[in-house]
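This briefing concerns the model shown below.

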Amino acid sequence: MTEIDAKIDALVPAWLHLPDIAEMLDVEVTRVRQLVKEGQLIAVRRGENRTLQVPAAFIKDGKVVKGLSGTLTLLKDDGFTDEEMLEWLFTPDPTLPGTPVQALSENRGTEVKRRAQALAV
């Protein structure tokens, strides 16, 4: 869990509080906190009250976006911080096209993971 700067905050179009995610996933808030702790989601402190929030794009159809957790693991293994992972996931890439997180939500995770692996080289 980290605090973010204005650049990252501007890249991510929408955020969700942990209780909202718990409701969407139909789990307890403690389970959402566990997903964050395990690195399957990224939560950052933001807003006036510095509450933990997760990018809304990480949740789709009542589930964590397919391929997200594997992509986060690859990026973390490459030495990315949470902030750097958010920047990479939400920065538009014209060759993709769109952002890596959009590609994941559109079931184009293989290409996203390939690009994440290439970052390590």
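Which residues of the largest nonpolar core touch the most other members? The model is predicted, and in it this core holds 35 residues, of which Ile 21, Leu 41, Phe 58, Leu 68, Leu 86 and Leu 89 touch the most other members. In soluble globular proteins, nonpolar side chains tend to be buried together.

**Composition of the core**

- At least two residues of this core come from each of the following elements: strands S2 (15–17) and S4 (51–55), and helices H2 (18–25), H3, H4 (68–77), H5 (82–90), H6 (100–105) and H7 (109–118).
- Helix H5 makes the largest contribution to this core, with 5 residues.

**Fold and dimensions**

- The protein contains 7 helices and 6 strands, and their order along the sequence is β-α-β-α-α-β-β-β-β-α-α-α-α.
- A compact globule of 121 residues would have a radius of gyration near 14 Å, so the value of 14 Å for the protein agrees with that expectation.
- The C-alpha trace extends over about 35 × 30 × 25 Å along its principal axes.
- Of the contacts between residues at least 6 apart in sequence, 59% join residues at least 24 apart.

**Surface, burial and charge**

- Buried residues make up 38% of the 121 in the protein.
- The accessible surface amounts to about 6800 Å², and carbon and sulfur atoms account for 50% of that area.
- There are 15 positive and 19 negative side chains, and a separation of 4 Å lies between the centres of the two sets.

**Leu 41**

- Leu 41 is one of the core residues that touch the most other members.
- Setting aside residues up to four places away in sequence, Leu 41 touches Val 32, Leu 35, Val 36, Val 54, Phe 58, Ile 59, Val 64, Leu 68 and Leu 72.
- Phe 58 and Leu 68, which are among these partners of Leu 41, are likewise listed with the core residues that touch the most other members.

**Leu 35**

- Leu 35 belongs to helix H3, which covers residues 29–37.
- The relative accessibility of Leu 35 is 7%, and Leu 35 therefore counts as buried, the cut-off being under 20%.
- Beyond its neighbours within four places in sequence, Leu 35 is in contact with Leu 25, Gln 40, Leu 41 and Val 64.
- Val 64, one of the contacts of Leu 35, is also touched by Leu 41.
- Leu 35 and Ser 69 are 34 residues apart along the chain, and their C-alpha atoms are separated by 9.3 Å.

Terms used
Residues are numbered from 1 along each chain as its sequence is written. This is a predicted model: local features need pLDDT of at least 70, side-chain atom pairs count only at pLDDT 80 or more; totals for chains, interfaces and linings use all residues. Side-chain values use heavy atoms; hydrogens and water are left out. Helices (H or I, at least four residues) and strands (E, at least two) are DSSP runs, numbered from the N terminus. The radius of gyration is taken over C-alpha atoms; the globule rule is 2.2 Å times the number of residues to the power 0.38. Buried means under 20% relative accessible area, exposed over 50%, partly exposed in between (1.4 Å probe, protein chains only). Contact means heavy atoms within 4.5 Å. Accessible areas come from the Shrake-Rupley method with a 1.4 Å probe; for residues, only the protein chains shown count as cover. Lys and Arg count as positive and Asp and Glu as negative; His and the chain ends are not counted. The place of a charge is taken as NZ of Lys, CZ of Arg, CG of Asp or CD of Glu. A nonpolar core is a set of buried Ala, Val, Leu, Ile, Met, Phe, Trp, Tyr and Cys residues joined through side-chain atoms within 4.5 Å.
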